[in-house]
Amino acid sequence: MTAPTATHPPGHTLPAPVVAPLERLRAGRHYDANVYSTVDVHWVLYDRVLRVTPATVDDPDRDRFLLSKGHAVAGYYAVLAAKGFIPVDWLDDAGGPDSRLGGHPDRTLVPGVEIGSGSLGHGLGLGVGTALGLRAQGRTTPRVYVLLGDAELDEGSNHEAIAYAGATGLAGLTAIVLDNASASHGWPGGVASRFTVNGWTAATVDGHDHDALSAALTGHDGHRPHVAVAVDGPTPGSGK
Amino acid sequence: MRDTFVASATGFLADPRTTIVLADISADAFTEAGRRYPDRVVNVGIREQLMIGVAGGLALTGQRPIVHSYAPFLVERAYEQIKLDLDHQGVGAVLVSIGASYDRAEAGRTHLAPADVALIDTLDGWTVHVPGHPDEVPDLLHDAVCGLHSTYLRLSLRGNARAYPKAGGLQVVRDAGAGAALLVAVGPVLDAALAAVAGLPVTVAYTHRPRPFDVTGLRALAGGEVVVVEPYLAGTSTRVVAEALADRPHRLLSLGVGRAELRRYGTAGDHDRWHGLDPAGLRRAVGRFLTRAG
């Protein structure tokens, strides 16, 4: 487990290497809890799961990480800086007139960023197309990860992608849903069920437990698309 | 035109970059191609947002997507995907529609797309092809697929009696001599325009590529009076023509499909008449315009 650090997220601690860049980005402003909810997922992806480094951001055989919930940039930029994809001093003027780091990421401005996002419901369709393109090129190594939010699932475009990817057994795709119970009308029966009913495999885990996240993010069976639901807060059925 | 497109597009599948993306429309026509290239003929079902998103993802991996559906479903239903999943990602695709403004007039409003070119024209850097004859389609598709940028190819059941290949730039098909008014006909409306100006002192130029509009050709041919006849929303090209001629006094008449929803079925020919795009309607409009010049 990561050592506890003295920083501000409520209820859990941040991965140590992310603390300094995130503080630099925050620059004294108040961050709401939702900013912190995705930091662990970003960290585990880049620290343990994704086969991509600053040297391989243009390698066609790299894993792809598509941030669909584009507002979750703080943790994303902090992890990209901690892992050397972007210079740490870029964090100092984020959002400024000459900055490459906006409130939503732009793939043409930031090394390692695979898609520009912000408007919800675009990442999973792009991820399906990316997985199809890799498959058409015979690239069986790279995997496509798409991070969404539970409220983002309100957008119908996601359900077009979920149904199609499941029906066609698009094995190279992993969706990650950060579930912080922010969908206005909820997902009775759980987020994962929207995927599994369409033929996906699914794992629902504590969104701040790095070992559990790592296992969930790599839990695909090689034949079907996979979803990892990372719960921010009590995990359903865990008794926590 | 659709048959020509299907044959040409299937041929492009020999290039491993080519990927055809469908949303059920015309899927039957690509069944054989799909058997041969199962990973590169993708039918996502009736899911137009996904269709464009998939095209964007494919392009991000270096594939060249040809995306095809009925015009309103291709361009209007998933406009934000076109804006964000293609343009904002910095990648391109070839969008090919059928149905045009009112090819299936009897189907009613849901299947009419007179505003498609105007909507695409809100985006930056797109090429728009509007062929007026099936024989113009293969070259246009070839240019589009071999490029890197985004192209909209608008196919129609309507058309002219003969093909004018390589008419990206304005091609003079009727020269009325110096000082004559210039009529620019885009795609399938050429024959009606030619019939409309019979006996009038009007030079007629044809193009099947309204974007980028041939500004140089326009400036070379235009005098003080310009008429633009387009098979989609009237005025779609007014902006580019006005900008091209901003430094000289001129009068401009923009003809095309009207904005109002007619709530009438009938045939495409009926709609031509109701929108004043039949030879008689065009002649009335052009005649009034030229008379006012005196």
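In this predicted model, chain B holds an open sheet of six strands, ordered β2-β1-β3-β4-β6-β5. The pairing is parallel. Strands β2 (41-43) and β5 of chain B sit at the edges, each pairing on one side only. From one strand to the next, the twist averages 20°.

Take one pair in detail. Strand β1 of chain B covers residues 18-22 and is joined to β2(B) by three bridges. The two strands run parallel. Which residue of β2(B) is the bridge partner of B:L22? That partner is B:N43.

A helix covers part of this sheet. Helix α3 (residues 48-60) of chain B packs on the sheet and touches β1, β2 and β3 (64-70) of chain B. The direction of α3 makes about 165° with that of β3(B).

Three bridges link β7(B) with strand β9 (residues 202-207) of chain B. This pair runs antiparallel. Within β9(B), B:A205 is the bridge partner of B:V172.

In general, the strands of a sheet pair through backbone hydrogen bonds, either parallel or antiparallel.

| Strand pair (chain B) | Bridges | Direction | Example partners |
|---|---|---|---|
| β7 and β9 | three bridges | antiparallel | B:V172 and B:A205 |

**A helix pair**

Two packed helices are described by the angle between their axes and the distance between the axes. For helix α1 (residues 2-12) and helix α7 (residues 137-146) of chain B, the axes come within 9 Å. They cross at roughly 35°. The crossing of α1(B) past α7(B) is right-handed. On the α1(B) side, the contact is made by B:T4, B:F5, B:S8, B:A9 and B:F12. On the α7(B) side, B:V137, B:P138, B:L141 and B:V145 take part. By class, the contact residues are seven nonpolar, two polar and no charged.

**Domains of chain B**

Chain B divides into domain 1 (2-154) and domain 2 (171-293). Their centres, taken over C-alpha atoms, are 27 Å apart. Where the domains touch, domain 1 of chain B gives 23 residues and domain 2 of chain B gives 21 residues. On the domain 1 side, α6 (116-120) and β5 (127-129) of chain B each supply at least two residues. What is the class make-up of the side of domain 1 that touches domain 2? In chain B, that side has twelve nonpolar, five polar and six charged residues.

**Chain A against chain B**

The contact between the chains takes 22 residues from chain A and 26 residues from chain B. On the chain A side, the elements giving two or more residues are α5 (123-136) and α6 (156-167) of chain A. The largest share, eleven residues, comes from α5(A). This side of chain A has eight nonpolar, eleven polar and three charged residues.

Chain A also carries a database annotation. An unreviewed UniProt entry annotates residues 37-218 of chain A as "domain: Transketolase N-terminal". The span is 34% helix and 13% strand. The end C-alpha atoms of residues 37-218 of chain A lie 20 Å apart.

Methods: Residues are numbered from 1 along each chain as its sequence is written. Chains are lettered from A and ligands numbered from 1 in the order in which they are written. This is a predicted model: local features need pLDDT of at least 70, side-chain atom pairs count only at pLDDT 80 or more; totals for chains, interfaces and linings use all residues. Domain bounds come from an automatic or database domain assignment. Two residues are in contact if their C-beta atoms, placed from the backbone, lie within 7 Å. Helices (H or I, at least four residues) and strands (E, at least two) are DSSP runs, numbered from the N terminus. Ala, Val, Leu, Ile, Met, Phe, Trp, Tyr, Cys and Pro count as nonpolar, Asp, Glu, Lys and Arg as charged, and the others, Gly among them, as polar. Two strands pair if DSSP finds at least two bridges between them. Axes are lines fitted to C-alpha atoms, for helices over the stretch in contact, and angles run from 0 to 180 degrees between N-to-C directions. A crossing is left-handed if the near helix is turned anticlockwise from the far one by less than a right angle, and right-handed if clockwise. UniProt positions are given in the numbering used here, feature names are shortened, and annotations may be inferred rather than shown by experiment.
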